[in-house]
Amino acid sequence: MKLFACITGVLILCCSATVAQRPRQATIASGTRTIAIVTEPPRSVWIDEIKRGVTDDKGVLSSLKLSKGAHTLRARAMGFKEISIPIPAAQRESLLLRLFRTNDQAELLFQRAETARETARDEASRQSSADLYRQTIKLRPAFPAAHVGLARVLLEMNDTNGALAEIDAARGARPIYPEASAVEGRIYRETGQTDEAIGAFNRAIREAHGFQPEAHVGIGRVYEDKGEYELAAREFKIAIDQLADTEPIIYQLLGAAYEKGGNNSSAVAAYENYLRLAPNGSLAPAVRSIVEQLKSQSPD
């Protein structure tokens with residue numbers, strides 16, 4: 001490994017070198033420390049197995065907040081092997097992330113499946129994604145992330161039994177797997193198995209040592225289904241804090257919980273945060289209309 005001095009005097013830890021172009025820089029803020037990621041577009045970035053975003057066309061993904069303690073950063077790009085970098089609690093250096101190109105057909109198929117699932121808009125495109133996951137698993141049966149990805153798309157296709165089977169397969173390869181537990185909770189919620197859903201979501205939170213925003217959102221949705229809107233709002237707020245404003249949709253969920261609970265002022269604040277983060281989002285017109293209605297109902 002080599003250490004390079006950057007302009008600010010912080011050291012950058014070079015992990016590998018595979019590309020000729022000068023990479024761009026992204027920052028991860030964590031209270032008293034900031035970790036700078038040097039990368040190139042496009043890169044998907046995970047912190048502690050939670051996807052936190054994708055670098056823009058300049059290779060930048062900025063202001064990702066970290067709590068104190070140790071963390072793990074993972075990055076993926078089409079055609080490259082994934083890289084996972086531990087971030088120790090005392091880490092103060094920046095990380096240079098450069099990925100090696102890969103010819104691993106299972107990994108390449110998995111990347112195509114993930115892209116297909118994330119961009120799927122109809123049954124045909126979801127089926128195409130499922131087929132890619134199945135091809136991946138045929139090449140590498142013990143591929144837990146592929147099993148979870150297939151479970152997600154099967155859930156979208158209303159094949160809950162198939163989705164649960166894939167979660168079991170994922171856990172067989174990785175017994176402690178917070179994402180798998182969170183997806184399992186979603187499956188149970190969709191099938192009306194409330195107790196099982198809460199159990200799976202809570203297991204996801206335990207497995208992730210508290211940091212599992214998808215599970216907190218899931219528990220919030222269960223509470224909302226039960227009409228317990230204050231408890232739902234509490235869970236949504238935890239998820240928002242953990243994701244540090246990177247998922248506007250949770251503000252919309254929070255606003256809806258407050259609105260249903262009769263807390264119009266808090267609902268307006270949550271909806272306005274959604275609009276702040278996603279002014280052109282698919283829900284923006286409806287949210288603006290709701291905000292106007294709620295404000296008109298409030299006394300001057």
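1. A word on terms before the tour: two strands pair if DSSP finds at least two bridges between them. Helices (H or I, at least four residues) and strands (E, at least two) are DSSP runs, numbered from the N terminus. Please keep in mind that this is a predicted model, in which local features need pLDDT of at least 70, side-chain atom pairs count only at pLDDT 80 or more, and totals for chains, interfaces and linings use all residues. Residues are numbered from 1 along each chain as its sequence is written, and side-chain values use heavy atoms, with hydrogens and water left out.

2. Let's start with the hairpin. It is made by β7 and β8, with 6 residues between them, and G79 in its turn has a positive phi of about 85°. Strand β7 covers residues 71-76 and β8 covers residues 83-87; their pairing is antiparallel, over 5 bridges. Across this pairing, R74 has S84 in β8 as its bridge partner.

3. Strand β7 also has β5 (residues 44-47) as a partner, again in the antiparallel sense, over 4 bridges. Here I47 is found opposite L73 of β7. Of the 6 residues in β7, 5 are buried, so the strand is mostly covered; buried means under 20% relative accessible area, exposed over 50%, and partly exposed in between (1.4 Å probe, protein chains only).

4. P144 and R174 are 30 residues apart in sequence, and their C-alpha atoms are 6.5 Å apart in space. Leaving out residues up to four places away in sequence, P144 touches A170, A173, R174 and Y177 (contact means heavy atoms within 4.5 Å). P144 has a relative accessible area of 11% and therefore counts as buried.

5. How many aromatic pairs does the structure hold? There are 2. Rings of Phe, Tyr and Trp (its six-membered ring) pair if their centres lie within 6.5 Å; planes under 30 degrees apart count as stacked, over 60 as edge-to-face and the rest as tilted. F110 and Y133 make a tilted pair, 6.3 Å centre to centre with 55° between the planes. This pair links distant parts of the chain, F110 in helix α1 (residues 105-119) and Y133 in helix α2 (residues 123-139), 23 residues apart. Relative accessibility is 2% for F110, so F110 is buried, and 0% for Y133, so Y133 is buried as well.

6. The other pair is F110 with F143, also tilted, at 4.8 Å centre to centre and 40° between the planes. F143 lies in the loop between α2 and α3 (144-156), 33 residues from F110. Its relative accessible area is 10%, so F143 is buried. F110, Y133 and F143 form one aromatic cluster.

7. Last comes helix α10 (residues 264-277). Its 14 residues should span 20 Å at 1.5 Å a residue, and the end C-alpha atoms are 20 Å apart, which agrees; the expected span is 1.5 Å times one less than the number of residues. A267, V268, A270, Y271, Y274 and L275 are buried in α10. Down the helix axis these buried residues fall within an arc of 165°, so they line one face; the arc is that of the directions from the axis to the C-beta atoms. Their cover includes α9 (248-260) and α11 (284-297).
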